[in-house]
Amino acid sequence: MNKRTYVTHVLVLGLLTAIGPFSIDMYLPGFEDIAASLHTTTAMVKLSLSSYFIGISLGQLLYGPLLDRYGRKKPLYAGLALYIVATFVCMQARDIHTLIALRFIQALGSCAAQVAAMAMVRDIFGAEGSAKVLSLLLLVIGASPMIAPTAGGYIVTIWNWRIIFLVLLIVSVVITLLTIFLLPESYPPDKHFSLKPLPIIRNFLGVMRVRQFVVYVFIEAFAFAGLFAYVSGSPAVFMGYFHLDKRTYGWVFAFLSVAFIVLGQLNTLLLRKYKSEQIVKVALMGQLVVAALFLAVTLAGWLGLGYTILFLFLFLMFLGFTYPNAAALSLAPFSRNAGTASALLGFFQLGVGALASVAVSVFSNGTALPMVAVIATSSVLAVAVLVIGQGSLATKPSGKDFSTR
């Protein structure tokens with residue numbers, strides 16, 4: 001494809017994957033206002049974030065088979081429509097329990113965009129080009145944590161938290177239109193792909209029998225869980241513990257996102273010289289060292305605002321290397337059933353992330369320790385998977401189609 005088409009495809013795919021992060025990050029500065037408006041506590045508001053994580057995780061398993069059966073775009077349109085409707089209703093929520101339930105439904109819609117985008121990257125750019133494209137997608141994905149909390153802080157300050165969902169509604173409609181007119185169907189409907197429960201289960205089990213997928217999907221899931229812990233815990237840490245106002249918190253969140261973006265782009269340069277497997281190993285070790293120091297400083301009582309920002313910056317920096325390479329390596333062995341593989345990748349990534357988010361909320365004690373402890377634990381688990389799975393990391397992707405009919 002020519003350069004213009006390449007850039008257009010990457011941009012639209014990036015916008016699709018950004019729907020989820022925008023839905024998570026934009027309303028973080030409004031936690032206290034939501035709690036006051038709905039006559040509840042910020043701890044209860046955090047459960048609306050956890051319900052979103054759970055919904056976007058479970059929804060992966062729904063869309064994977066649909067994407068392989070009906071092609072990529074029809075299930076994608078259905079998910080986007082569900083997201084738009086749920087977002088509109090979120091604006092009208094009158095109690096926290098309703099908002100928690102609506103956020104779960106909203107997540108079921110948004111996960112279609114993520115699963116479809118990941119599968120389409122594999123379809124359009126192949127096993128070899130996926131890591132580079134996923135790094136480029138970090139430009140768009142990474143921009144959302146820079147823009148969303150900052151914009152959310154200003155929206156809450158000037159108007160109210162309900163306007164945040166109005167903005168999400170407008171953005172999702174625009175992305176849907178761009179998808180319709182600028183993104184091609186990358187995988188034709190497969191009438192032979194069964195949607196009966198038993199064949200679907202066999203397909204999922206077939207994917208899980210591929211050792212390369214299992215190793216890298218759990219590396220990805222545990223490494224990424226630290227990001228979920230940060231997103232879930234940062235409002236309480238920065239606005240509660242360090243007493244930053246909403247706007248300042250938004251700018252801190254944006255600054256930290258720079259690490260994720262910049263390092264993601266340096267990854268494309270490193271891929272010219274090193275293999276994805278090599279980059280993942282070094283990045284995970286760096287992530288572990290940073291997490292261990294972060295925890296030690298926290299336990300010693302030396303943690304201040306400056307140290308917190310520094311350690312989070314370094315952690316996200318290494319994660320910017322881990323994410324695109326581990327994701328590309330996990331999907332590399334699949335072609336025809338990339339939708340199913342992408343769904344399982346998202347399920348484990350977001351499922352483990354949801355557990356990390358819940359853990360931060362459950363053990364919240366008004367300090368940074370719960371967030372830091374979860375970040376450290378997830379880093380240890382990611383490295384443990386790397387060490388245990390060393391044998392399969394040396395195996396070159398076979399390109400075999402693992403679909404089960």
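## Close-up views

**Figure 1. Methionine 44 is partly exposed, with a relative accessible area of 24%.** Here, buried means under 20% relative accessible area, exposed means over 50%, and partly exposed lies in between (1.4 Å probe, protein chains only). Before you look further, please note that this is a predicted model, in which local features need pLDDT of at least 70 and side-chain atom pairs count only at pLDDT 80 or more, while totals for chains, interfaces and linings use all residues. Residues are numbered from 1 along each chain as its sequence is written, and side-chain values use heavy atoms, with hydrogens and water left out. Methionine 44 belongs to helix 3; helices (H or I, at least four residues) and strands (E, at least two) are DSSP runs numbered from the N terminus. Setting aside residues up to four places away in sequence, methionine 44 touches Ile96, His97 and Ile100, where contact means heavy atoms within 4.5 Å. Asparagine 365 is 321 residues from methionine 44 along the chain, yet their C-alpha atoms are separated by 14 Å.

**Figure 2. Methionine 371 is buried, with a relative accessible area of 1%.** You will find this residue in helix 13. Not counting residues up to four places away in sequence, methionine 371 touches Ala229, Tyr230, Gly233, Ser234, Val237, Phe294, Leu312 and Val360. Between the C-alpha atoms of methionine 371 and leucine 244, which are 127 residues apart along the chain, the separation is 17 Å.

**Figure 3. Alanine 368 sits in the loop between helix 12 (338-362) and helix 13 (369-388).** Leucine 82 is 286 residues from alanine 368 along the chain, and the two C-alpha atoms are separated by 36 Å.

**Figure 4. Serine 378 lies in helix 13.** The relative accessible area of serine 378 is 5%, so this residue counts as buried. Which residues does serine 378 contact, beyond its neighbours within four places in sequence? They are Phe222, Ala223, Ala225 and Gly226.

**Figure 5. Threonine 176 is part of helix 6 (residues 161-182).** Its relative accessibility is 13%, so threonine 176 counts as buried. Neighbours within four places in sequence aside, threonine 176 is in contact with Leu80 and Ile84.

Figure 6. Most residues other than glycine have a negative phi. Histidine 39 has a positive phi, near 55°, and histidine 243 has a positive phi near 60°. The loop that holds histidine 39 runs between helix 2 (31-37) and helix 3 (42-70). Histidine 243 is in the loop between helix 8 (211-241) and helix 9 (246-270). Histidine 39 is exposed at a relative accessible area of 72%, and histidine 243 is exposed too, at 65%.

**Figure 7. Helix 10 (residues 276-299) reaches 34 Å from its first C-alpha to its last.** This helix has 24 residues, and its reach is close to the 34 Å expected at 1.5 Å a residue; the expected span is 1.5 Å times one less than the number of residues. Helix 10 is followed by glycine 301, whose phi is positive, near 80°.

**Figure 8. Stepping back, the protein holds 14 helices and 0 strands.** The C-alpha trace spans about 55 × 45 × 40 Å along its principal axes. For 405 residues, a compact globule would have a radius of gyration near 22 Å, and the 20 Å of the protein agrees with this; the radius is taken over C-alpha atoms, and the globule rule is 2.2 Å times the number of residues to the power 0.38. Of the 405 residues, 59% count as buried. Among contacts with a separation of 6 or more, 86% come from residues 24 or more positions apart. The accessible surface comes to about 15,800 Å², with 71% of it belonging to carbon and sulfur atoms; areas come from the Shrake-Rupley method with a 1.4 Å probe, and for residues only the protein chains shown count as cover.
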